[in-house]
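The following account leads through one protein model, from its overall make-up to individual residues. Please keep the sequence and the structure in view while reading.

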Amino acid sequence: MGYVLKGGYCGSFHSSTRWFHAASITMGSSNAWSCDSEVERLANNSYIKVKEILSNNMDLLHHLSKTLVDQELVSAEEFIMMQVQFNVKIADYGVIGQERNREALPFNDLPLTL
């Protein structure tokens, strides 16, 4: 899988080997910065969205974890029934935010160096 960044190839994720490769071939410093900025924007906003989804559905998450400990596998039908049972709040489908949202991340208070 790959993704495109405003006019060019930026990187790819290979799920079979679980490694990410950011393309640097024929990329000038401004394009590399754009790629870094885009990756940061996607990662930050994805983190915020996932945290919101999990926080809003914590009861389902706990029930699912207990069920998986007991039976190791949950079918799609069982999972859908759990979603109905716990009145799951579905996330809006849309484009990830355009801001970097650095200030909204929980690890801003950590030191920059060790």
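Of the 114 residues of the protein, 16% count as buried, where buried means under 20% relative accessible area, exposed over 50%, and partly exposed in between, computed with a 1.4 Å probe on protein chains only. The model is a predicted one, in which local features need pLDDT of at least 70 and side-chain atom pairs count only at pLDDT 80 or more, while totals for chains, interfaces and linings use all residues. Residues are numbered from 1 along each chain as its sequence is written, and side-chain values use heavy atoms, with hydrogens and water left out.

The protein contains 3 helices and 3 strands; helices (H or I, at least four residues) and strands (E, at least two) are DSSP runs, numbered from the N terminus. Read from the N terminus, the order of these elements is β-β-β-α-α-α. Among contacts between residues at least 6 apart in sequence, 49% join residues at least 24 apart, a contact being heavy atoms within 4.5 Å.

Confidence is expressed as pLDDT, the predictor's confidence in each residue, from 0 to 100. The average for the protein is 78, and 71% of the residues score at least 70.

A polar atom of the Thr 67 side chain lies 2.8 Å from the backbone oxygen of His 63. An α-helix has 3.6 residues a turn, so residues three or four places apart point the same way. Leaving aside residues up to four places away in sequence, Thr 67 touches Glu 72, Val 74 and Met 82.

Glu 72 is itself of interest for its backbone. This residue is placed in the loop between helix 2 and helix 3, and its phi is near 65°, a positive value in a residue other than glycine. Most residues other than glycine have a negative phi. Glu 72 counts as exposed because its relative accessibility is 70%.

What is the count of buried residues in helix 3 (residues 76-85)? Among the 10 residues of helix 3 the count is 1, and the helix is hardly covered. Just after helix 3 comes Asn 87, with a positive phi of about 50°, although Asn 87 is not a glycine. The relative accessible area of Asn 87 is 57%, so Asn 87 is exposed.

Asn 56 lies in helix 1 (residues 29-56) and is partly exposed, because its relative accessibility is 38%. The C-alpha atoms of Asn 56 and Val 88 are separated by 8.0 Å, and these residues are 32 residues apart along the chain. Ala 104, placed in the segment after helix 3, is 57 residues from Tyr 47 in sequence and 9.7 Å from Tyr 47 in space, C-alpha to C-alpha. With a relative accessible area of 44%, Ala 104 is partly exposed.

On a 1 Å grid over the protein atoms alone, a pocket is an open set of points where a 1.4 Å probe fits, with protein on both sides within 12 Å along at least five of seven lines, and lining residues have an atom within 4 Å of a point. The volume of the largest pocket is about 230 Å³, taken as the space filled by probe spheres set on the points, which are joined across faces, edges and corners. The lining consists of Asn 45, Ser 46, Lys 49, Asp 92, Tyr 93, Gly 94, Val 95, Ile 96 and Gly 97. By class, this lining has 3 nonpolar, 4 polar and 2 charged residues, where Ala, Val, Leu, Ile, Met, Phe, Trp, Tyr, Cys and Pro count as nonpolar, Asp, Glu, Lys and Arg as charged, and the others, Gly among them, as polar.

Terms used
Polar contact = N/O pair within 3.5 Å; in protein donor to acceptor, adjacent residues only side chain to side chain.
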